[in-house]
Amino acid sequence: MSLQVEKLENNTAKLTIEVPAEELDKALQKVYHKNKNKFNVPGFRKGKVPYAMVEKMYGAEIFYEDAANDLIPEAYADAATESELEIVARPEISVTQIEKGKPFIFEAEVTLKPEVKLGKYKGVKAPEIDITVTEEEVQAELDKVKEQNARLVAADDKEVEDGNQVTIDFEGFVDGEAFEGGKSEDYPLTIGSHSFIDTFEEQLIGKKVGDDVEVNVTFPEDYQAENLAGKPALFKVKIKEIKVKEYPELDDDFAQDVSEFDTLDEYKADIKKNLEEKKTQNAESEKESKIIETIVEDAEMDIPEKMIEAQAQQMVEEFAQNIAMQGITFEQYMQFTGTTVDQLTEQVKPQAQARVESSLVLEAVVKAEGIEATEEEFDKEIADMAEKYQMDKDKIADLLSEDDKKNIKNDICMRKAAKFVVDEAK
C-alpha cells in the first residue's frame, strides 16, 4: 500500500491510498468464490462457472463494488495510522481507479482535530454557588416520600377531581369509525398525568361512577400514527371506579415506617444532611463546568461541522442505550414521541458542540501542562472497572487493546486537567 497526504482547508485532508494490483485480484477472486453459486450459465453446473466466463457474461466490473468494500476498511485503517493525523470523524470515500490487473486507488477525505490556542486558563474566576438547604426544600423531600406512601382508596360516591385515579372503559372513533388501538377496558388513568392526548383527562372532571361520557379531542399534527394525525376524534368513555389518595400523617410513626429513625425531627435532619451533600456535589460539578466554559470562551479554535455531527450521533447512540436499559426499544421511543433520529440529532447539536469544545480545551491544557497518567492511576482505573463488572483485574487488562489503554489514560489526563483548572481558579 502507498499513501499520499494532502492538507486541505477547514481542518480537512485528503488521503490518496493505492492498493497493489495483486491485492485487488485476490479480493476479486474472494468475491467470485463467495458468489459463484448465484450464476447460471448454460453448459456449466451451478457453482462451476469459471471466473472468465462470468466476466464475459456479466461484465468485468460485476465484482468491483464488493471487492472495493472488502479492501477499503483495512487499507483505510492502515493509511490513517501511517498518516499520523488526528482524524475525528468518519471519512468520505471515493474510488478513483478499480480495474483488474491494475492498482486499486481510492481517496478518503478526512476531518482533522483543530488546533486550539488557549487563552487564560489559570486563575479563572470561579462562580459562587449557594449550597444552603432551606426548610422548604426539606419539606419538599418529605412531601415526595409522603406521596410515595399514599394509599389509593375507593371514593365511588364522589365526583372525579384532579389527581384522582379512575378506572375506565373507552373506545375511540374518527369520522364515525372505530380505529385500531383506540379501545381498552378497565384502564387505570390518573387525572392530571397528561398521559392521554389533548383535553381528554380534563373532560372527565366532575363526572361520577357509572357515567357515560363523550370526550372530544384532536390528535396532534405530528402524532406518530399518520392516519390519525391532526384529526378530531370522539371517545366514548365509561367511568367504572374512582380512587383518591389518602396520605399518612407526618409524625414520628411516619418517620419510623419510612426510615431508620425514631422521630420526625431526626428524619428531617437526615434529609437535610443528604440534601447538603447532594448540593455540594452538584455545586462542584457546576463549578467545573462554568470554569471550563470560561476557558472555552477565551480560547481560539475552528471546529469542523463534521466533528460536531459525529459527537451528536454518539450522544444519540448513548441515549438509545439508556432507553433500552429502561425496557423499551429506541424505535418504540421514536414512535411514542413522534420524533425522528434526524430531529433528535439536531436537538442535541448544541450540547454536542459544548462537549467538543470542552474536550478540546482540556486536551490543550493536558498538553500545555505536560499532564500524564501514572501507572498507579491506570492500575486503579483497571481495578475500579474490575469491581464494577465483577471481573478479575488481570482478565480485564488482558482484554484491553492498545487503543483501549490509550483511551483510558487519556480519560485520566482529561480528569486531571479539569481538576487542575478548578484548583487554579480563584
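The points below concern the basis of the model, a surface patch and several loop residues.

1. This is a predicted model, in which local features need pLDDT of at least 70, side-chain atom pairs count only at pLDDT 80 or more, and totals for chains, interfaces and linings use all residues. Residues are numbered from 1 along each chain as its sequence is written, and side-chain values use heavy atoms, with hydrogens and water left out.

2. M57 lies in helix α2, residues 51-58 (helices are DSSP runs of H or I with at least four residues, strands runs of E with at least two, numbered from the N terminus). Because its relative accessibility is 46%, M57 counts as partly exposed (buried means under 20% relative accessible area, exposed over 50%, partly exposed in between, with a 1.4 Å probe and protein chains only).

3. Together with Y58 and I62, M57 forms a nonpolar surface patch with about 260 Å² of accessible area.

4. Most residues other than glycine have a negative phi. N11, not a glycine, has a positive phi of about 55 degrees; N11 sits in the loop between β1 (2-7) and β2 (12-19) and is partly exposed at 22% relative accessibility.

5. H194 is likewise not a glycine and has a positive phi, of about 60 degrees. H194 belongs to the loop between β7 (177-190) and β8, and its relative accessible area of 58% makes it exposed.

6. A225 is placed in the loop between β8 (212-218) and β9 (232-246) and is partly exposed, with a relative accessible area of 23%. Its C-alpha atom is separated by 32 Å from that of K208, 17 residues apart along the chain.

Conventions
Patch = residues over 30% accessible without salt bridge, like charges linked within 9 Å, V, L, I, M, F, W, Y side chains within 5 Å. Areas by Shrake-Rupley, 256 points an atom, 1.4 Å probe, with all protein chains shown as cover. Salt bridge = Lys/Arg side-chain N within 4 Å of Asp/Glu carboxyl O.
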